[in-house]
Amino acid sequence: MSIESVRKFVEKYGIGCFALLFLSFSISALTLQCGNRAGGQGAQENTSTPIATVAKFSATSDEIDGIVNSQRNSAPSFTATDEATSYGQALNNVLDHVYGLAFAASKGLTLDDKAVQEAIPSLWAQQVKTHRDILVQNHKLAPNASGKEFEDAFQKDAGHSLEEERQQFTDNFNTAFSDPQKKELIRSEVANQSLTAQYQAQTNVTDDDLKASYSTVSAQRISFEGKTGSEGQALVTKALADIKAGMSFEDAIKKYSTAKAQAGKSITDPIDISAQIAQYLPEYKPLFKLKQGEVSDPIDMNTGTSIFKIVKITQTLPPDFEKNKDQLRKNFQQQTASTTMMADLEKFKKANPPKWFSPAYQAVYDFNTTIQDPSLAPDKREAKLAEVETEAKNALKGSDGRVAALAYYAANNALYQSATPDRKKAMAPDRISALNALLQGSESPTLRLELADLYLATNDSTDAANQVKSAAIALTGTSVEDQKNYEGILAKLDKMKEAKKINDLDAKSIQGALDHWLVTMHQEDAMKLESERQDAENRKKNEELMKKNAADAAAAAAKAKSTAKPAAPITTPPKTNTAPPANATTGK
């Protein structure tokens with residue numbers, strides 16, 4: 001869901017509904033992606049060594065591998081960069097759940113297995129609400145629809161009943177919770193739900209608070225993109241000094257702001273920020289405490305430090321506000337509790353950094369957080385990636401060598417692809433080292449050919465030939481990518497032969513591997529064609545047989561009709577006198 005989609009959804013349905021949607025999708029993702037590891041054989045102990053801990057809660061390699069393998073199996077292609085990114089995202093996911101458990105424990109909330117199982121009905125109730133909200137959002141159900149109308153709409157949309165969905169959800173939940181790769185992740189989601197309820201119970205919303213939640217501020221902004229902390233503060237100080245000396249805020253925007261104007265607007269035009277959005281983006285919350293004409297303190301945002309001047313404040317209450325006040329208060333209470341809890345969780349994370357036991361996984365984590373940080377200026381991002389590259393390289397000799405190689409290659413690749421041609425020449429030794437580390441645990445003809453070029457650039461024809469040979473041997477499939485690699489290897493071989501950079505024995509070995517692949521590909525193509533011919537022939541025979549059977553049935557029916565004997569005429573028996581005999585005495 002994009003940030004714009006989130007904004008629209010929040011504006012229409014509120015933060016509370018969005019939070020429930022997020023929790024529901026988290027639970028569903030964990031249960032549906034549980035795989036077959038548990039196999040319905042009951043719980044298994046997770047004996048994987050922790051790679052990091054927060055308080056007494058651990059993140060394990062098994063949990064991360066489970067997520068990565070699920071993505072690998074569902075992806076049509078999975079490059080080394082994809083794998084490194086997947087490990088980083090999976091590690092973030094698992095650490096978020098570990099933080100969830102540790103944060104809940106810090107609030108006095110712990111859940112044993114029984115408590116998690118007992119939460120299934122309330123989790124299902126959230127699923128039901130999520131399904132209803134989605135149907136309403138997609139205009140497939142009226143907001144005030146009855147339970148029966150909702151069940152009918154769900155069945156029409158999903159193709160099965162709500163009860164069948166409930167049973168499937170319960171079965172998936174139990175299967176996932178018996179899987180060591182998912183068990184603690186699910187426990188964290190359930191703890192999150194319980195902690196949310198605890199925060200809601202502690203949140204008080206007055207009438208003034210509720211009315212203020214329908215406020216919108218229009219504000220001008222001076223933004224220092226990519227500058228935060230002390231650096232951003234120093235720039236803000238200069239701008240504020242000019243403003244206090246008499247410079248208008250508009251002129252200060254033109255002089256200092258490095259943000260780009262929105263499409264169709266000037267950089268000095270105010271932006272509108274609703275209180276509903278501020279619930280989701282809490283960095284805007286301080287603006288709602290200011291009066292018209294006031295200037296905010298510096299605010300560190302994802303894109304950089306900013307200061308705002310309040311131009312206008314409006315408040316638009318919804319229709320029937322007084323009539324629906326209780327429900328509106330409940331919704332806003334959920335919103336406030338949710339955002340307060342998220343803010344407290346972020347503070348908890350900053351105060352409790354992970355304790356790492358695996359330098360390789362730490363390098364993957366650092367790589368992922370670096371490339372996903374939009375506030376980093378290009379030079380700082382490059383410096384951080386260089387640190388990660390060194391960090392990962394030093395972790396290659398550890399027990400998690402494959403993960404270290406992925407982090408090493410990913411950091412190196414991010415630096416190498418954005419480098420100038422001259423810079424790439426200087427980076428060649430590191431590039432060779434990163435590619436060799438990666439290729440020790442996996443095969444890629446494409447990367448082998450790149451490595452061959454790097455060796456040729458340093459006049460190392462022996463290692464170049466070995467890489468081309470390995471690339472040829474690694475050709476095992478018949479996909480479009482494999483065909484491209486075949487052509488690339490063949491072209492590289494011809495080029496090296498022409499430049500006398502390869503001996504006859506190596507050239508013959510490479511050509512032999514290519515010829516073998518070509519024969520195999522032709523054989524597979526022939527088998528495929530034969531299979532398709534056989535399928536077509538079988539279809540034709542089946543169609544002919546069906547036509548013959550239909551013709552035979554029609555002929556049999558016609559014959560039966562023509563030879564059928566005419567029905568015997570229906571005869572009516574003669575009537576008999578059934579009246580009683582006349583009285584002998586009376587004659588009557």
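**Sheet, packing helices and nonpolar cores**

Strands E5 and E6 (residues 304–315) pair in the antiparallel sense over three bridges. Two strands count as paired if DSSP finds at least two bridges between them. Helices (H or I, at least four residues) and strands (E, at least two) are DSSP runs, numbered from the N terminus.

The model is predicted: local features need pLDDT of at least 70, side-chain atom pairs count only at pLDDT 80 or more, and totals for chains, interfaces and linings use all residues. Residues are numbered from 1 along each chain as its sequence is written, and side-chain values use heavy atoms, with hydrogens and water left out.

E5 and E6 belong to an open sheet of four strands, ordered E4-E3-E6-E5, with antiparallel pairing. Strand E4 (271–274) and strand E5 (299–301) form the edges, each pairing on one side only. Neighbouring strands are turned by 50° against each other on average, direction ignored. Axes are lines fitted to C-alpha atoms, for helices over the stretch in contact, and angles run from 0 to 180 degrees between N-to-C directions.

Helix H11 (residues 229–244) packs on the sheet and touches strand E3 (215–225), E5 and E6. Contact means heavy atoms within 4.5 Å. The direction of H11 makes about 55° with that of E6. Helix H12 (residues 249–256) lies across E3 and E6, at about 40° to E3.

The largest nonpolar core has 104 residues. Such a core is a set of buried (under 20% relative accessible area, 1.4 Å probe, protein chains only) Ala, Val, Leu, Ile, Met, Phe, Trp, Tyr and Cys residues joined through side-chain atoms within 4.5 Å.

Definitions and conventions
Buried < 20%, exposed > 50% of the residue type's maximum accessible area, 1.4 Å probe, protein only.
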